[in-house]
Amino acid sequence: MSAMTEQPVIPSEGGEAAGADGSSACASAHDVVYAERLEGGIEVVYLNQPRKKNALSGEMMSKLDGLLRAADVDDGVRVVVLRGAGTDFSSGGDLDQGPALEPGPEGARKTLRRYLAVIRTIRTMAKPVIAMVDGYAVGGAFALVCASDLVCASERAQFVPAFCQIGIVPEMGMMKLLPDLVGPQRAKELLFFGGKIPALQLYDWGVVNRLFPAETLEADTLWFARQLAGMPDASIQLTKNIMNGLADGNLEACLEAESTASPFCTTTKAYAATMEKFAR
């Protein structure tokens, strides 16, 4: 896939990334995706591959989808906070997640559909999802942010739409979600050229709801989540579902088209040339 062939652009700092409390030991003791229940009905879901800066694998996406679905039917959950373990939200597709489910475009399509399922779940589940973003959100990770209902980011956060630059089409609904958020012309420029987009810029464009200092991001985001959790749940959930239903009329068509277009792109000469450059 593509989501598994995105090239992370995050510079390596060596060693294992620290957890939210500055320790990597806590994160490494958990599964690649795990959830923690906090008081007030807050479910915090962690992308947890800090050694890979939380690169997204097919396994992670399946487990994330399962945790989100479980949270949605759990009466004890009122708000979901999606975050990365350590200092980055996610470096995008995992380049080293092992062989595809089967060789060729067919296998890439099957793997990609595991990623697309998460976008469907975030957009259709009743419980609101807040993305908490520190460090980098690359490629498919940026798509997870765009699919979320609300976004809290640190002032140092960077968002990277890394798709076209490596020879694949934007995935995980980005060709629908990003234009809806920033407008079609701006979205085309961002998707065509890529590059790092500072959190402040996305805040000015209305993609990021709250911008916090990195050192207080976790505390401030949880405060924001508690305010939302304290609202009447039925009205919040119905408002989300109605608004997303109105906005996402063509999202399913977009996801289905991606599931064929992106695997096709991996068979092109341009994609092969790009991968050869990265391998050097």
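Let's start at valine 160, which is buried, with a relative accessible area of 4% (buried means under 20%, exposed over 50% and partly exposed in between, using a 1.4 Å probe and protein chains only). Valine 160 sits in strand β7; strands (E, at least two residues) and helices (H or I, at least four) are DSSP runs numbered from the N terminus.

A word on the model before we go on. It is predicted, so local features need pLDDT of at least 70 and side-chain atom pairs count only at pLDDT 80 or more, while totals for chains, interfaces and linings use all residues. Residues are numbered from 1 along each chain as its sequence is written, and side-chain values use heavy atoms, with hydrogens and water left out.

Now turn to strand β2 (residues 42-47), where six of six residues are buried. Ile42, Val44 and Tyr46 point one way, and Glu43, Val45 and Leu47 the other. In a regular strand the side chains alternate between the two faces of the sheet. Strand β1 (residues 33-38) pairs with β2 in the antiparallel sense over six bridges; strands count as paired if DSSP finds at least two bridges between them. Within this pairing, valine 44 is the bridge partner of glutamate 36. Three residues separate β1 and β2 in their hairpin, and glycine 40 in the turn has a positive phi of about 85 degrees.

β2 is also joined to strand β3 (residues 79-84), in parallel and by six bridges, with glutamate 43 opposite valine 80. Together with helix α2 (residues 58-73), β2 and β3 make a right-handed β-α-β unit: with the strands pointing away from the viewer, the path from the first strand over the helix to the second runs clockwise.

Tyrosine 34 belongs to β1 and tyrosine 46 to β2, 12 residues apart, and both are buried. The rings of phenylalanine 142 and phenylalanine 159 have centres 5.5 Å apart and planes at 50 degrees, so that pair is tilted. Phenylalanine 142 lies in helix α4 (residues 140-147) and phenylalanine 159 in β7 (residues 158-160), so the contact ties together parts that are 17 residues apart in sequence.

Salt bridges come next: there are 16, each a side-chain nitrogen of Lys or Arg within 4 Å of a carboxyl oxygen of Asp or Glu. One of them joins lysine 63 to aspartate 31 (2.8 Å, N to O). Lysine 63 is in α2 and aspartate 31 in the loop between α1 (25-28) and β1, so parts 32 residues apart in sequence are tied together. Lysine 63 also forms a salt bridge with glutamate 59, the closest N and O atoms being 3.0 Å apart; these two residues lie four residues apart in α2, about one turn of the helix. Elsewhere, aspartate 134 and arginine 156 meet at 2.7 Å, N to O. Aspartate 134 is buried at 12% relative accessible area, whereas arginine 156 is partly exposed at 47%.

Methods
Rings of Phe, Tyr and Trp (its six-membered ring) pair if their centres lie within 6.5 Å; planes under 30 degrees apart count as stacked, over 60 as edge-to-face and the rest as tilted.
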